[in-house]
Amino acid sequence: MKSVKVVIWLMLCVMVLSACSGGGEAVETNASDADTSQDTASEEEADTEEADTTESSEPIELNIGWSGDVAHWDPYNDPTVHQYVTGYLLYDTLIAQDLEGNFIPQLATEWSFTEDFTEWSFKLRDDVTFSNGEPFNAECVKTSFDRLMTETLAVSTEWKELTDVIVVGDYEVKLIFSGPNGGVLFNTAMLPMLPAQYFAEVGVEGITINPVGSGAFVLSDYEKGQKMEFTKRQDYWGDQSDFDKITFYIISEGTTRIAGLQTGDVNFAYSITPDQFAVLADNPTFAAYELTGTMDQTFFGVKCDEFPFDDVRVRTALSLALDRQELVEQVVGVGDIATSCFPKGCLGYDESIAYPARDVALAQQLLEESGYNGEEIVLICPIGWYPKMQEQAEAMIAQLSEAGFNIKLEMLEPAGYLDARNVTGEYNLFFTAMSQPQGYPNVFLTQRVENDANLTGYVNEHLNSLIAEARLNADLDILQGIYAEVNQIMTEEYAPHIWLYQYAPLSVYNADELVLTDEAMIRDGRFHFENIEWVGGN
Amino acid sequence: MARLIFNRLISAIFVVLGVSIICFAILALAPGDPTQLILPDSAPQAERDKLREELGLNEPLPERYLLYIGNVLKGDLGTSYTYKQPNSELIFQKLPHTFLLATSAMLLSLLIAIPLGILAGVKRGSLTDVFSMFFGMLGQSLSPVWLGILLIYIFSVKLSMLPPFGAESPLSIIMPSITLGIPLAALITRLTRAGMIDVLSEDFITATKAKGITNRKIVFKYAFKNVIIPIVTVVGLQFAGNIGGSIVTEEIFAWPGIGRLFATAIYNRDYPLIQSIMLVLSTVMVLINLSVDILYTFIDPRLRESRT
């Protein structure tokens, strides 16, 4: 009995003493725990020796604390950012975009199109193999595009005018469209190519579980909800990554991702809030990277066919009453205010097009003129999609109430939110974010403005004609002009969206081991993890 | 005993069926269309309608339910909308991890709570008793989020003793077990203490003391046996609850349990996966309750006659 008491008291003492020990310094990174497949790069000998230029004995690993899992491995049917990012490791596309938005060859070496944009031809590389040894050729391209025509896929909507894929030669294909499609290059830059023979053997079910791509890495280990491990291919046709292995550890709790960074179990922690980063701010080992180049902007969707937002004065008043700067600095903590409908870097962005600065007095005046007398306005927000959603919403409601708006907040779980937003239209305002992948806003504008997928009730024929005209063009300068005019109209109309801020997720990494350069960024602000530079020892 | 088990198994079937019907009905009535979560916003209505047709969402509810139950009886739990994999694979990949976590938490809590509760009951008013009351109150008030993060900070970041996340190392189970086990330990401590105090004040205990039986024997052979029944009840209920309800702990430690899978399925309106998880969990809970009932009859043979 006495011995039990002693043990209990000892346990308590250990915990109390540990909690009271000095803090503020990061613990030296240690070798990670007993998993033998994981060798962290910060072994003791690496601290004092220069990187060995001859063959290294220890594999160089990038271990990422990541926030979520792919649904499965079919890149055509999982629209999550997790699939998007890991897809860059596994797969290649026919073309890519550099950071300025110019199209550059990848699996295709050159391309051309007819004047009416209904036929697109691609000449292909002849030196590429998939990770299973199957050669890449025109049949693979045909297999990939055929899926878009025969299956109901998450990516199908961008390809609904595709009617045929012709194999011209072993390394040349032609895509035939029923109507003009100016967005083919943009959409092709996001479509991974699949292996024809492998797909024929295993079908959709096979690639959903065992993906095979032509990319720089192969999926070497996958534990659902736990980790995604990618191993470098020695026979990759393109530039080799510094890393022999890239592992995504799926850790949904940001504080735990930070802890993993401090213990050395990960050397890159994705999507950390500024208050979480504050724990590491004084430690020079860790650096923060704010993804300022993202095309993610948050906005209010506005119900434009119902009182009170059927009146442009009320919509204007809403925008004037918002303090976007305060929202970014005091609540969100990262990012930049949205000046107009399109973020910097996106086609259509023009720094001369901007919302007026906050003016509460003018907002009050406009509300008075419009006849709005404090009637309840329903704002719906999704739970769990965006960090600090409740805090953001409450801050904005407080700002808007200064001008006289009476807003009722409804925090809805995702299914209910999407139901209200896309099916029943039971809202006055909704909060969401939108990314313009590759800086090409066609899909967003077609679906959310021209087709009004969110039931805002906003109709502007001139705007719709501009959106349709943009689809007929592939020239970046022409597209910039058209989309700038679209931006101007929507900014001045405050419809159907009022844009809030450009979201810039914060990532934290071990600066003793990693260097992030522009090469590591995708144009829309996501990471090319394979292009991060390794500067640690081996 | 055999009759007891048989009777309980028969009623278990009805319980599980009842749960599946209620779950099915609630899902059908809840707002939200799975196609909104499977397809992007940009998908036109025609594609959504086609997908609803493919997923069988346009069929009448009773027909959908009967089809689902028919498949379950053939051993087919259906396919997840989200993961495009058989639900049975997904569930039985995760369930062992949750069982491990729940079992570890239960064992840890018993290891702490039983000795502490007995001591507190025997040495009423002592420092140990005061501590046990404090522990009982604090343990049940602690937020698992706070406790989990604190444990990570102390044992992973500061002491580098334990891995902060995952389940790859044998040591990974320790902190999640503590996080899940402390509230349960607090509850059992209070229960044990209160039970011991009650029993030790009974006349038959006085009689055993008068007979000259040692204190140790009085506590463990006579007193504690009368306290076990409510403890077993609570442990059984909590264990069953932890099988399906340890989502918070699993999220903090990135533990690959079924809680996370369940939460994601609900989030995505993945009807087949939700129904299958509910079916499996309700079956597990019924079996746990049956095990508790059987355990009662071993602890107190008088119950064998009354229950059969």
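These legends accompany close-up views of a predicted model.

**View 1. The side of chain B that touches chain A.** In this predicted model, 48 residues of chain B are in contact with 48 residues of chain A. Six helices of chain B each supply at least two residues to this side: α2 (34-38), α3 (45-54), α5 (87-122), α7 (144-158), α11 (247-253) and α12 (258-267). The largest share comes from α7(B), with seven residues. By class, the side of chain B that touches chain A has 28 nonpolar residues. Another 10 are polar and 10 are charged.

**View 2. Strand β15 of chain A and its pairing with β16(A).** β15(A) spans residues 376-382. The strand is mostly covered, with five of its seven residues buried. Strand β16(A), residues 406-412, pairs with β15(A) in the parallel sense. Seven bridges join the two. One of the bridge partners to look for is Glu410(A) in β16(A), which sits across from Ile380(A).

**View 3. The crossover from β15(A) to β16(A).** Gly404(A) follows α12(A). Its phi is positive, near 115°.

**View 4. β15(A) beside strand β17 of chain A.** β17(A) covers residues 429-435. β15(A) and β17(A) also pair in the parallel sense, here over two bridges. Leu379(A) stands opposite Leu429(A) in β17(A).

**View 5. Helix α12 of chain A, end to end.** α12(A) has 15 residues. From first C-alpha to last, the helix reaches 22 Å. That is close to the 21 Å expected at 1.5 Å a residue.

**View 6. The buried and exposed residues of α12(A).** Which residues of α12(A) are buried? They are Gln392(A), Ala393(A), Met396(A), Leu400(A) and Ala403(A). These residues cover an arc of only 95° around the axis, so they lie on the same side of α12(A).

**View 7. What the buried residues of α12(A) pack against.** Their partners in chain A include three helices: α9 (312-321), α10 (324-332) and α11 (360-370). The strands β15, β16 and β17 of chain A are also packed against by the buried residues of α12(A).

Technical notes. Residues numbered from 1 in each chain as written. Chains lettered and ligands numbered in written order. Predicted model: local features only at pLDDT ≥ 70, side-chain atom pairs only at ≥ 80, totals over all residues. Contact = placed C-beta atoms within 7 Å. Helix = DSSP H or I, 4+ residues; strand = E, 2+ residues; numbered from the N terminus. Nonpolar A, V, L, I, M, F, W, Y, C, P; charged D, E, K, R; others polar. Buried ≥ 20, exposed ≤ 12 C-beta atoms within 10 Å, placed from the backbone. Pairing = 2+ DSSP bridges. Right-handed = clockwise from strand over helix to strand, strands pointing away. Expected span 1.5 Å × (residues − 1). Arc of directions from axis to C-beta.
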